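Grab a pencil and work through these exercises with the sequence and the 3D view side by side. Try each task yourself before you read its solution.

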Amino acid sequence: MQNWLEYFEFLGFEYIYLKEKKEKNQFLEKLDSLEKIVKNCTLCPLHIGRKQAVFADGNPSSPLMFIGEAPGEEEDIKGLPFVGRAGQLLTKMIIKMGLKREDVYITNIVKCRPPNNRDPLPEEIVKCSPYLLEQIEIIKPKVIVTLGRHSSGYFTEMEVGISKYRGRWFYFKGIPVMPTFHPSYLLRNPKDRWLVWEDMKEVLKKLNLKILE
Ligand code: SF4
């Protein structure tokens, strides 16, 4: 028996299987422990009004990460990002890209709901963004799409309106970042949906995926 194990080990099978499994477990364990920390976080005043912190949804092994701003009312109730009307629009966009929601990873720059769905404050972004940076560090996405001016401004360091720079590639620690409009903006301005579709076509090209028109 020992000889067979040594033989497989010599061929690399046993070693490769155990290594991959171990790495996958470590990767998921890191994300789980980060999620537990976020769920119990009291670093900024947003923890006072939340029902729950919203960590992420989707596939952590995905090459594509979407980053929005902060949870809204529905997200706060369900504990998942982008599940309200804006989220349904994002899901439609993902499907138009030829993907499923479960194929991508979705999160926000701020993990707790601001009161009355107001924009996150700069100090809340400063407190909360290290969690997002840790998620990126663990997941190592191939492409990031930032949705709306807060997450886009954070990753691009642009201080002008997002309409001035959406659709252009930026780089964060070597990862390509595509800033685009937030789906809630598109609900108010449906005429601009085609612009986001143009941006998503660039994302598909970057990932070497087919564009379905
Ligand atoms: Fe903590 Fe972020 Fe929630 Fe503030 S928003 S309490 S920093 S998890």
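## Exercise 1: The ligand

The ligand sits in the largest cavity. Here a cavity is, on a 1 Å grid over the protein atoms alone, a set of points where a 1.4 Å probe fits but cannot get out, and sitting in it means that more than half of the molecule's atoms lie within 2 Å of its grid points. Before you start, know that this is a predicted model, where local features need pLDDT of at least 70 and side-chain atom pairs count only at pLDDT 80 or more, while totals for chains, interfaces and linings use all residues. Residues are numbered from 1 along each chain as its sequence is written, and side-chain values use heavy atoms, with hydrogens and water left out.

**Solution.** 
1. Now check the helices, which are DSSP runs (H or I, at least four residues), just as strands are E runs of at least two, both numbered from the N terminus.

## Exercise 2: His182 and Phe82

**Task.** Work out where His182 lies and what Phe82 touches.

**Solution.** 
1. Is His182 buried or exposed? Buried means under 20% relative accessible area, exposed over 50%, and partly exposed in between (1.4 Å probe, protein chains only). His182 has 13%, so it is buried.
2. Look for a polar contact, meaning a pair of N or O atoms within 3.5 Å; within protein, one must be able to donate a hydrogen and the other to accept it, and residues adjacent in sequence count only if both atoms are side-chain atoms. The side chains of His182 and Ser184 make one of 2.8 Å.
3. Move to Phe82, in the loop between helix H4 (73–78) and helix H5 (85–96). Phe82 is buried because its relative accessibility is 5%.
4. List contacts (heavy atoms within 4.5 Å), skipping residues up to four places away in sequence: Phe82 touches several residues, including Leu90, Arg101, Leu147 and His182.

## Exercise 3: Helix H7

**Task.** Say how many residues of helix H7 (149–156) are buried, and what they pack against.

**Solution.** 
1. Count: 6 of the 8 residues are buried, so H7 is mostly covered.
2. Name them: His150, Ser151, Ser152, Gly153, Phe155 and Thr156.
3. Follow their neighbours, and you reach strand S2 (64–68), H6, strand S4 (143–147), strand S5 (170–172) and S6.
4. Step just past H7, where Glu157 has a positive phi of about 60°.

Note on methods
1 Å grid on protein atoms, 1.4 Å probe; cavity = no way out; pocket = protein on both sides within 12 Å on 5 of 7 lines; lining within 4 Å.
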